[in-house]
Amino acid sequence: MKAFSQVIFLVCLINGSLIFAQDNYPQNYFRNPLNIPIQLAANFGAVRSNHFHMGLDMRTNSQENLPVVAAADGYVSRIKVERYGFGNAVYVTHPNGYTTVYAHLNKYFDKLDEFVKEKQYKDEKWEQDITFSPNQFPVTKGQLIALSGNTGGSAGPHLHFEIRDTKTEECINPLLFGFNIPDGIAPIISGLYWYDRRFSTYEPGANGIAVKKAGNVYTSNVIQVNSPTISFAIKAVDKANQGFNLGIYDAELFMDGKLIYNFKIDKVHYDDTRYLNGCIDYPKFVRDKISIQHLSTLPGMKLKNYSSGSDGIINLQDNEIHNIEIVLKDVKGNTSRLTTKVQLTTNSGKISSGDKTVSPNEGKIIKTDNAEINLSKNAVYDAVNFNMSEKSDAAAVSNAVVLNNSSIPVHDYYTVKIKPNRKLSNEEKGKTVLELNYGSDKNIIKPKWNGDWAEGQFNRLGTVRLLLDNSLPSVSPSWKDGAIVSSGSLRLKGTTKIGDIESFRAELDGKWLRFARVKDDFVYVFDEKCPKGSGSHTLKVTTTNTAGNTNTQTFSFSR
């Protein structure tokens with residue numbers, strides 16, 4: 001019996017649910033970090049913009065300030081305070097080789113919160129990334145470590161929870177550790193697609209196939225294709241019993257009973273999470289907000305521990321009808337199947353879709369008269385017919401340079417160089433920013449200058465241009481200047497014409513005051529630095545925008 005218990009997968013019956021557990025991950029070692037039943041808003045591996053979701057999003061009943069407790073014995077090894085990302089986060093390292101992460105918090109437990117606050121005032125810096133030794137803040141399983149919140153890149157109150165390998169820092173699917181989360185719902189399939197793999201998946205793109213559902217079995221009509229080389233992709237979601245759309249854990253593709261492709265989302269390192277863009281139909285995701293996951297490996301997709309077996313490319317050697325089966329599973333073993341057939345009816349022949357100037361695993365420098373882009377060998381996941389052009393732009397001090405289009409992904413940062421459309425003085429260069437417009441948003445940075453060329457780095461495609469910015473950033477107070485403030489905080493709304501407020505400093509009666517960055521606002525919660533009844537105060541605020549323009553404003557209030 002002991003030897004039998006050491007098999008890689010254990011099957012056990014808990015609360016009437018069939019659970020597949022891997023014995024290389026400790027079962028039931030970690031407890032629920034909340035004192036309410038776990039309800040998931042997102043799972044590990046769910047598709048996000050430019051990354052996999054790397055943990056569990058646990059619902060907090062749309063409330064903030066719920067107790068967050070240590071999932072097991074250990075010590076606080078790190079905290080982070082940041083505007084976006086995790087917001088306020090706690091890392092707890094455990095003696096079994098794992099580290100748990102708790103993010104989007106409002107407040108740390110009192111002793112830790114006071115330590116962080118003292119460090120912020122000492123550094124005169126709100127954002128922090130602090131590591132600790134094992135004896136500084138030990139914690140026990142179930143001990144209060146924080147209050148839940150909605151800080152950082154959170155879109156609503158919840159707790160983001162991760163389990164990482166302490167040594168490698170890989171994020172591991174927390175559902176593999178035996179958390180008791182009721183789930184009797186199989187993955188739901190809503191679309192099937194095939195691609196002509198004689199070409200890039202970006203050109204001509206996906207061919208949709210209608211699917212029909214009967215229980216947990218899905219079918220479609222015979223798929224007739226005109227290419228001998230194809231691949232498939234699936235549009236599907238998983239659901240826990242609470243009804244949120246979750247990501248797919250395990251997918252298998254069979255042809256005529258033979259396994260052609262398999263992916264399973266067990267663990268991912270943050271260094272590799274951007275490979276998500278090579279696992280989905282990225283143009284569909286950007287243009288149509290549809291999440292379609294490839295059942296094949298694109299040539300530039302190098303994510304480890306994700307797919308196994310062959311690359312998923314199907315080579316049809318005849319005109320016979322072949323059986324296709326796609327099997328989707330969640331961690332609990334709930335299973336859905338899609339069965340269909342595929343037949344090569346005609347072979348249209350390989351027609352060139354143009355000169356695909358950028359291919360996976362080869363770097364490329366592409367130039368126009370006044371611009372240059374340098375793409376690394378890791379830049380693209382599939383071949384791209386890269387179009388680059390210039391057009392005049394009256395609002396800019398350069399032409400607008402179109403870098404292909406924003407619906408094609410790039411994996412890492414590329415370097416772009418652009419030349420102004422007139423001679424700029426050194427003072428003007430110092431007030432110039434480089435803007436990338438990728439449709440849904442903009443990224444504006446301060447460029448480096450090499451002679452008359454401005455240089456910057458981005459990791460999305462779109463249209464770039466140089467803008468001259470002489471405007472000043474500013475903040476607007478939530479109170480009338482000189483008024484008595486009876487609320488528990490001061491709030492300043494930040495505004496810039498171009499770019500962002502890159503630097504913010506507030507001084508109360510000549511001394512640095514701790515304001516938190518909340519999206520575009522700055523918030524100070526009254527503490528002993530400004531007690532009630534302390535009379536009239538002068539608040540001096542200095543802000544600097546992306547171009548380097550600095551503005552100093554002075555406000556007054558009483559308590």
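This is a predicted model: local features need pLDDT of at least 70, side-chain atom pairs count only at pLDDT 80 or more; totals for chains, interfaces and linings use all residues.
**View 1. The whole protein chain.** Residues are numbered from 1 along each chain as its sequence is written, and side-chain values use heavy atoms, with hydrogens and water left out. The chain has 3 helices and 49 strands (DSSP runs, H or I of at least four residues for helices and E of at least two for strands, numbered from the N terminus). Of its 559 residues, 52% are buried (under 20% relative accessible area, 1.4 Å probe, protein chains only).

**View 2. Helix H1, residues 110-123.** The buried residues of H1 include Leu 112, Val 116 and Tyr 121. The buried residues of this helix pack against several strands, among them S8 (74-81), S9 (88-93) and S47 (521-525). Just after H1, Glu 124 has a positive phi of about 50°.

**View 3. His 411 in the loop between strands S35 (400-403) and S36 (414-418).** His 411 counts as buried because its relative accessibility is 11%. Neighbours within four places in sequence aside, His 411 is in contact (heavy atoms within 4.5 Å) with Arg 274, Tyr 275, Asn 378, Ala 379 and Tyr 381. The side chains of His 411 and Tyr 381 make a polar contact at 2.7 Å (a pair of N or O atoms within 3.5 Å; within protein, one must be able to donate a hydrogen and the other to accept it, and residues adjacent in sequence count only if both atoms are side-chain atoms).

Technical notes: Buried means under 20% relative accessible area, exposed over 50%, partly exposed in between (1.4 Å probe, protein chains only). The expected span of a helix is 1.5 Å times one less than its number of residues.
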